[in-house]
Amino acid sequence: MAAVAENPVRQHFYEGMFLVDSGKFATDQDGVIGEIMSVLAKAGATVVAHRPWQDGKLAYEINGMKKGLHYIVCFTMRGAGMKTLIRQCQLNETIIRQMIIAHSQQIFDATVAVISGTGPAPESESTGDEKPARGRADRDDDVDLDEAE
């Protein structure tokens, strides 16, 4: 009798952005992070990297909140856990909104490297010392239309 080969369950690579109350995060950072991790654990996710991403004014008011903190988490999970994850986020009072994106392994690895600080730093923007080369005033071939007639 031949042994049946086990079909391993495929893990998908995800990036989750969780919007939380920035005031609550400022007063109880460990508690808020714990709640996010608890929601992910209930869905069967394995967290690879996480950190606060952006804190600031929201584009529009959500549930009376004008400011919020975006918390980014990279994790692996079976696809079947997505329904549980979304439902747990909806039931959680700390998580206001969530967005989950599936990535290829290459993009996932690059995102994890940036979040954990082991990857290359993003290229810096211009320092503002250079003058942008656009617009009519920057052209060398300016012609006075009154003289051209």
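Helices (H or I, at least four residues) and strands (E, at least two) are DSSP runs, numbered from the N terminus.

Before moving on, note that this is a predicted model, where local features need pLDDT of at least 70, side-chain atom pairs count only at pLDDT 80 or more, and totals for chains, interfaces and linings use all residues. Residues are numbered from 1 along each chain as its sequence is written, and side-chain values use heavy atoms, with hydrogens and water left out.

**Stop 1: helix H4**

Step back to residues 105-116. This is H4, with 12 residues. Its end C-alpha atoms are 16 Å apart, which agrees with the 16 Å that it should span at 1.5 Å a residue. The expected span is 1.5 Å times one less than the number of residues.

Now color Phe108, Thr111, Val112, Ala113 and Ile115. These are the buried residues of H4. Buried means under 20% relative accessible area, exposed over 50%, and partly exposed in between (1.4 Å probe, protein chains only). What covers them includes E1, E2, E3 and E4.

**Stop 2: helix H2**

Select residues 29-42. H2 has 14 residues and reaches 20 Å from its first C-alpha to its last, close to the 20 Å expected. Show Val32, Ile33, Ile36, Val39 and Leu40, the buried residues of H2. Look down the axis: they fall within an arc of 120 degrees, so they line one face of the helix. The arc is that of the directions from the helix axis to the C-beta atoms. An α-helix has 3.6 residues a turn, so residues three or four places apart point the same way.

Turn to the other side of H2. Asp30, Ala41 and Lys42 are exposed there. Then bring up the cover over the buried residues, which includes strand E1 (11-20), H1, strand E2 (46-62), E3, helix H3 (82-91) and strand E4 (95-103). Gly44 follows H2, and its phi is positive, near 85 degrees.

**Stop 3: the cores**

Which residues touch the most other members of the largest nonpolar core? Select Ile36, Leu40, Phe75 and Leu85, out of its 19 residues. A nonpolar core is a set of buried Ala, Val, Leu, Ile, Met, Phe, Trp, Tyr and Cys residues joined through side-chain atoms within 4.5 Å. E1, H2, E3 and H3 each supply at least two residues of this core.

Zoom in on Leu85. Leaving aside neighbours within four places in sequence, Leu85 is in contact (heavy atoms within 4.5 Å) with Val39, Leu40, Ala43, Phe75, Met77 and Ile100. Another core, of 8 residues, lies apart from the largest one; Phe13, Ile72, Phe108 and Val112 are among them.

**Stop 4: an aromatic pair**

The structure holds 3 aromatic pairs. Select Phe25 and Tyr71, a tilted pair with 6.1 Å centre to centre and 50 degrees between the planes. Rings of Phe, Tyr and Trp (its six-membered ring) pair if their centres lie within 6.5 Å; planes under 30 degrees apart count as stacked, over 60 as edge-to-face and the rest as tilted. The pair links distant parts of the chain, with Phe25 in helix H1 (residues 22-27) and Tyr71 in strand E3, 46 residues apart. Buried or exposed, Phe25? Phe25 is buried, at 8% relative accessible area. Tyr71 is buried too, at 1%.

**Stop 5: Lys66**

Finish in strand E3 (residues 65-78), with Lys66. Lys66 counts as exposed, at 55% relative accessibility. Not counting residues up to four places away in sequence, Lys66 touches Gly56, Lys57, Leu58 and Glu61.
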